[in-house]
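These notes go through the charged pairs and the ring pairs of the structure shown below. Please keep it open while reading the points.

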Amino acid sequence: MSTNTRLFIARREHQLKQSDVAKKLNISPQTYYRKEKGISEFSQREMIMLAKIFKCTLNELFWEEAKHA
């Protein structure tokens with residue numbers, strides 16, 4: 001599963017819109033859209049904040065591949 005997909009799923013599971021997350025990160029909704037789509041990259045600070053927002057680790061959100069049972 002790609003990082004983009006994990007971000008999308010985490011955001012939807014927390015019932016947040018892109019604009020909601022952008023506000024929490026103090027960036028514009030357009031910038032968040034570009035970063036969630038993989039067009040631009042998140043800063044280290046933004047990645048840490050996203051992990052806190054979505055209550056997961058950085059590995060789970062950005063690097064860990066889905067494990068199959």
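1. A residue counts as buried under 20% relative accessible area, as exposed over 50%, and as partly exposed in between, using a 1.4 Å probe and protein chains only. By that definition Arg11, with a relative accessible area of 6%, is buried.

2. A word on the basis of the values. The model is predicted, so local features need pLDDT of at least 70 and side-chain atom pairs count only at pLDDT 80 or more, while totals for chains, interfaces and linings use all residues. Residues are numbered from 1 along each chain as its sequence is written, and side-chain values use heavy atoms, with hydrogens and water left out.

3. Side chains of opposite charge can pair when their charged atoms come close. Here a salt bridge means a side-chain nitrogen of Lys or Arg within 4 Å of a carboxyl oxygen of Asp or Glu. How many salt bridges does a search of the whole structure find? It finds two.

4. One of them joins the side chains of Arg11 and Glu36, with 2.8 Å from N to O. Helices are DSSP runs of H or I with at least four residues, numbered from the N terminus. Glu36 has 2% relative accessibility and therefore counts as buried.

5. Lys35 forms a salt bridge with Glu46, and their closest N and O atoms are 2.6 Å apart. This pair links distant parts of the chain, since Lys35 sits in helix α3 and Glu46 in helix α4 (residues 44-53), eleven residues apart. Lys35 is buried at a relative accessible area of 12%, and Glu46 is buried at 4% relative accessibility.

6. Next come the rings. Rings of Phe, Tyr and Trp (its six-membered ring) pair if their centres lie within 6.5 Å; planes under 30 degrees apart are stacked, over 60 edge-to-face, and the rest tilted. The whole structure holds three aromatic pairs. Among them is Tyr32 with Phe42: the centres are 5.9 Å apart and the planes stand at 55 degrees, so this pair is tilted. Tyr32 lies in helix α3 and Phe42 in the loop between α3 and α4, ten residues apart. Both Tyr32 and Phe42 are buried.

7. Phe62 and Trp63 also pair, with ring centres 5.9 Å apart and planes at 50 degrees, so they too are tilted. Phe62 counts as buried at 8% relative accessibility. Through ring pairs, Tyr32, Phe42, Phe62 and Trp63 are linked into a cluster.

Key. Helix = DSSP H or I, 4+ residues; strand = E, 2+ residues; numbered from the N terminus.
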